[in-house]
Amino acid sequence: MNMEKFCFGPSNFWFSVKFRIQEVVKLCMYNANKQFELRTQSFNGFIRHWLRLLVANKDIENKIFGIANKNESRKGSVKIEIGNQTKINLSTIFDICFYFNPLLQKDYIKIFLCAFWLSLIHISEPTRQAE
């Protein structure tokens, strides 16, 4: 797994981090054309799951990922973009980029990236099959 950092994105005011990743089989889905596809929602859900396990704090989760219920609605502070999606297969190398809202505290960005790292470790582990 190679990682590189860059500081440009949808706006000059957003902090961004880019990772180059290979073999994320557990997050691949088949699309309508029966081809592998990576979706930002899959990464979002997986990272959110690990963030819940990491910090167990609903306020932090809502500030990072947003909230939508009958009392309030707020967009998340992180945008996810996946690059190099042509012909995804089990050994495809692709880029994933996170764009952070400039108002998001640096500690929350660190928590998010820790949750992302934990999710990658989990994805990389071989799946155990029942005997």
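This is a predicted model: local features need pLDDT of at least 70, side-chain atom pairs count only at pLDDT 80 or more; totals for chains, interfaces and linings use all residues.
Which residue forms a salt bridge with R52, and how far apart are the closest N and O atoms? Residues are numbered from 1 along each chain as its sequence is written, and side-chain values use heavy atoms, with hydrogens and water left out.

The partner of R52 is E61, and the closest N and O atoms of this salt bridge are 2.9 Å apart; the term denotes a side-chain nitrogen of Lys or Arg within 4 Å of a carboxyl oxygen of Asp or Glu. E61 has a relative accessibility of 3% and therefore counts as buried, while R52, at 43%, is partly exposed. These classes are set by relative accessible area, with buried under 20%, exposed over 50% and partly exposed in between (1.4 Å probe, protein chains only). Both residues belong to a network of salt bridges that links R48, R52, K58 and E61.

Because D95 lies in strand β8 (residues 93-100) and K18 in strand β2 (residues 15-22), the pair ties together parts that are 77 residues apart in sequence. Both D95 and K18 are buried. A further salt bridge is formed by E72 and R74, whose closest N and O atoms are separated by 3.3 Å. E72 is partly exposed at 37% relative accessibility, and R74 is partly exposed with a relative accessible area of 37%.

Strand β8 is mostly covered, seven of its eight residues being buried. The strand pairs with β7 (residues 78-83) in the antiparallel sense over six bridges, where pairing requires that DSSP find at least two bridges between two strands. Within this arrangement, E81 stands opposite C97 in β8.

The protein chain contains three helices and eight strands, assigned as DSSP runs (helices H or I, at least four residues; strands E, at least two) and numbered from the N terminus. From that terminus on, the elements follow the order β-β-β-β-α-α-β-β-β-β-α. Of the 131 residues in the protein chain, 37% are buried. Among contacts (heavy atoms within 4.5 Å) between residues at least 6 apart in sequence, 56% join residues at least 24 apart. The protein chain exposes about 8900 Å², of which carbon and sulfur atoms supply 51%; accessible areas were computed by the Shrake-Rupley method with a 1.4 Å probe, and for residues only the protein chains shown count as cover.
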